[in-house]
Amino acid sequence: MGTVSSASSLLVMKKQWVFDVDDVTHTVDVELNMLNGSRTLQLDGEAILSVPGAMFDMTRFLCGTHIHSFLVEGHPSELHVDYDNVWPALRIYVDGFAPEDGAAPMKPRPRWAWFYIVLCLLVALFFRGTLLALSIALSGTLGVRVVARLDRRDEKTRMMFCMGIVAICWVFMAVYCSANRKSCAMW
C-alpha cells in the first residue's frame, strides 16, 4: 500500500502518491487548476502529462470523469479526474487498482442518469428560478449523480432511487407553492 498527501487552496488542488511497483518506490504528483481545469502530472519529478485548460469550459463538469493513461515501470496506470462530486476528486490506478487502498475505479455515470438530472433541473425552470427551487433542483441533481454510480445496487434499483429523488423534488416544491402562493412565482 502507498501513501497519499494533498493540499488545496481555493484555486489549485495538489495531490501526491508514494507507492511501490516491483519493489521500486515511485512518486506521482498531480496539480489541478480549479479555475480553468488545467492539470499536470509528474512521475518521479519528471513531467509526463500537461493538459491545458480553458477559462469558461463547462464540459469538464458535464463529462464526469476524465481519464489520462500513463506507464509506471511498464505497468498501465491511469489518472482519474472525477467531476461527479461537488469538489473534483483525483485518483490514480496502477494495474487497475488504487495504490493507497487497493480499490478499483468507480463506474462512469450511466447515460440514463441524464434524463433524471434534466427532470430535477426542470424544477428550477418550472418554478421560475426561485432560490428554494434552485436549491431543491441542485440537491436533486447531486443526489441523482451519486445514486446513479453506486456499485452496490443493480441498474434497475438505481433507476428507481433516481426516480424517487426526482419525485421528492417535485412534490416538495408543489406542496411548498400550494401553501405559500405569494412567495412562489409560478402560482
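**Exercise 1. Aspartate 23 and its backbone**

Task: Locate aspartate 23 relative to β2 and β3, and find its phi.

Solution. Aspartate 23 sits in the loop that joins β2 (12-21) to β3 (24-33). Helices here are DSSP runs of H or I with at least four residues, strands are runs of E with at least two, and both are numbered from the N terminus. The model is predicted: local features need pLDDT of at least 70, side-chain atom pairs need pLDDT 80 or more, and totals for chains, interfaces and linings use all residues. Residue numbers start from 1 along each chain as its sequence is written, and side-chain values use heavy atoms, without hydrogens or water.

Next, the torsion. Phi of aspartate 23 is near 60 degrees, a positive value in a residue that is not glycine. Most residues other than glycine have a negative phi. Last, the surface. Aspartate 23 is exposed, at 81% relative accessible area. The classes are buried (under 20%), exposed (over 50%) and partly exposed (in between), with a 1.4 Å probe and protein chains only.

**Exercise 2. The loop between β8 and α2**

Task: Describe aspartate 95 and glycine 96 in turn.

Solution. Start with aspartate 95. This residue lies in the loop between β8 (89-94) and α2 (113-126). Aspartate 95 is partly exposed, at 40% relative accessible area.

Move on to glycine 96. Its place is also in the β8 to α2 loop. Glycine 96 counts as partly exposed, at 32%.

**Exercise 3. Aspartate 44 and its contacts**

Task: Which residues does aspartate 44 contact, leaving aside neighbours within four places in sequence?

Solution. Aspartate 44 is in the loop between β4 (39-43) and β5 (46-51). Its relative accessible area is 41%, so it is partly exposed. Now apply the contact rule: heavy atoms within 4.5 Å. The partners are Thr25, His26 and Thr27. For threonine 25, the C-alpha to C-alpha separation from aspartate 44 is 9.0 Å, across 19 residues of chain.

**Exercise 4. The salt bridge**

Task: How many salt bridges does the structure hold, and which side chains meet?

Solution. Opposite charges can pair when the charged atoms of side chains come close. The test is a side-chain nitrogen of Lys or Arg within 4 Å of a carboxyl oxygen of Asp or Glu. The structure holds one such bridge. It joins lysine 14 and glutamate 31, at 4.0 Å from N to O. Lysine 14 is in strand β2 and glutamate 31 in strand β3, so the pair links distant parts of the chain, 17 residues apart. Lysine 14 is partly exposed at 44%. Glutamate 31 is partly exposed at 36%.

**Exercise 5. Packing of α2, α3 and α4**

Task: Are α2 and α4 roughly parallel or antiparallel, and how do α2 and α3 run?

Solution. Axes are lines fitted to C-alpha atoms, for helices over the stretch in contact, and angles run from 0 to 180 degrees between N-to-C directions. Under 35 degrees is roughly parallel, over 145 roughly antiparallel, 65 to 115 roughly perpendicular and the rest oblique.

Take α2 and α4. Their axes come within 9 Å and cross at roughly 5 degrees. The two are therefore roughly parallel. On the α2 side the contact includes Tyr116, Leu119 and Phe126; on the α4 side it includes Met159, Trp170 and Met173. The contact residues divide into 14 nonpolar, no polar and no charged. Nonpolar covers Ala, Val, Leu, Ile, Met, Phe, Trp, Tyr, Cys and Pro; charged covers Asp, Glu, Lys and Arg; the others, Gly among them, are polar.

Take α2 and α3. The axes come within 7 Å and cross at roughly 170 degrees. That makes them roughly antiparallel. The contact has 13 nonpolar, two polar and one charged residues.

Take α3 (131-147) and α4 (155-179). Here the axes come within 9 Å, again at roughly 170 degrees. These helices are roughly antiparallel too. By class, the contact has 13 nonpolar, two polar and one charged residues.

**Exercise 6. The chain overall**

Task: How many helices and strands does the protein chain have, and in what order do they run?

Solution. Count: four helices and eight strands. Order from the N terminus: β-β-β-β-β-α-β-β-β-α-α-α. Of the 187 residues, 35% are buried.
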